[in-house]
Amino acid sequence: MRLILFGPPGVGKGTQAKLISLKLGIPHISTGDMLREAVAAGTELGRKAKTVMDAGHLVSDDIMIGIIRDVLTSPRCASGFILDGFPRTVPQAEALQRLVTELGICIDLVINMTIDEAVIVRRLGKRLTCRSCGRIYNPEIDPMTDTTRCLSCGGELYQRDDDKPKTVQNRLRVYEKSTAPVKAYYERLKILRSVSGMGTVEEVNRAILESLTIRS
Ligand code: AMP
């Protein structure tokens, strides 16, 4: 299956993509994680991306489309994938459509996760991420006695620079202006399904899995 998880920052795309990836046995492709890995590794891409990401802006379409082309043409994506964080602009969506057509495959479904803006700001302000495995924690929901160590791998938990309040506001503005129009693109292709991201992790996961099975 080839899926896209779509929605504003903080809606829970990363958490849900990891669960769906395990359940369906398809790789979770997070462009944000890939960029953060490049930043941590100090590559040229990482150096360029860091300034843009810290300001809450988008990395250029050319760079992102190149990254996605490399991943989707790699053997690990041969039997499916779940995209998280891509596409984020209409030109990225158009380039993805051209790429899948060229590869003779299609995107089965785009899950549009929805949430109130006030909840996003609260969630992101408290969100912690594991530096080693990327697991995301929301101390309001996840029962945690230790907010410094990851329960899965023991890695260090930290607050992403772009989860700090000023950057969150920028990311939300960028989402409305550049990313939200991608919804209409997939609506036209009739592959967009909306699911509320407001419940618990389990409730949202159930709703997403249901939306996959009711696909016509
Ligand atoms: P995420 O982890 O998906 O919230 O992504 C973190 C940051 O990485 C974003 O705020 C952007 O700066 C950058 N980024 C991730 N994916 C993309 C993309 N598809 N296009 C442009 N920038 C991206």
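## A tour from salt bridges to ligand

Start by selecting Asp163 and Arg127, whose side chains meet in a salt bridge at 2.9 Å, N to O. A salt bridge here is a side-chain nitrogen of Lys or Arg within 4 Å of a carboxyl oxygen of Asp or Glu. The pair links distant parts of the chain, 36 residues apart. Asp163 sits in the loop between β7 (157–158) and α7 (165–179), and Arg127 in the loop between α6 (117–126) and β5 (128–130). Helices (H or I, at least four residues) and strands (E, at least two) are DSSP runs, numbered from the N terminus.

Before moving on, note that this is a predicted model: local features need pLDDT of at least 70, side-chain atom pairs count only at pLDDT 80 or more, and totals for chains, interfaces and linings use all residues. Residues are numbered from 1 along each chain as its sequence is written, and side-chain values use heavy atoms, with hydrogens and water left out.

Is Asp163 buried or exposed? Asp163 counts as buried, because its relative accessibility is 0%. Arg127, at 12%, counts as buried too. Buried means under 20% relative accessible area, exposed over 50%, and partly exposed in between (1.4 Å probe, protein chains only).

**Next: Glu156 and Arg131.** These side chains form a salt bridge of 3.0 Å, N to O. Glu156 lies in the loop between β6 (136–137) and β7, and Arg131 in the loop between β5 and β6, so the pair ties together parts 25 residues apart in sequence. Glu156 is partly exposed at 35% relative accessibility.

**Then: Glu102 and Arg69.** Their side chains meet in a salt bridge of 2.8 Å, N to O. Glu102 belongs to helix α5 and Arg69 to helix α4, 33 residues apart. Glu102 is exposed at 53% relative accessibility. Arg69 is partly exposed at 35%.

**Stay on α5, residues 90–103.** This helix has 14 residues. From first C-alpha to last it reaches 20 Å, close to the 20 Å expected at 1.5 Å a residue; the expected span is 1.5 Å times one less than the number of residues. Select Gln92, Ala93, Ala95, Leu96, Leu99 and Val100, which are buried. Seen down the axis of α5, the buried residues fall within an arc of 165°, so they line one face of the helix. That arc is taken from the directions from the helix axis to the C-beta atoms. What do they pack against? Their partners are β1 (2–6), α4 (61–72), β3 (81–84) and α8 (181–188). The face turned away carries the exposed residues Arg98, Thr101 and Glu102. Just after α5, Gly104 takes a positive phi of about 70°.

**Now the ligand.** 16 residues surround it; the closest are Thr31, Arg36, His57, Gly85 and Gln92. To count, a residue needs a heavy atom within 4 Å.

- His57: a polar backbone atom is 2.6 Å from a ligand oxygen.
- Arg88: a polar side-chain atom lies 3.0 Å from a ligand nitrogen.
- Gln92: an N or O atom of the side chain is 3.0 Å from a ligand nitrogen.

**Last stop: Ser211.** Select helix α9 (residues 201–213) to find Ser211. Ser211 counts as buried, at 5% relative accessibility. Leaving aside neighbours within four places in sequence, Ser211 is in contact (heavy atoms within 4.5 Å) with Leu109, Ile111, Arg193 and Val195.

Definitions and conventions: Polar contact = N/O pair within 3.5 Å; in protein donor to acceptor, adjacent residues only side chain to side chain.
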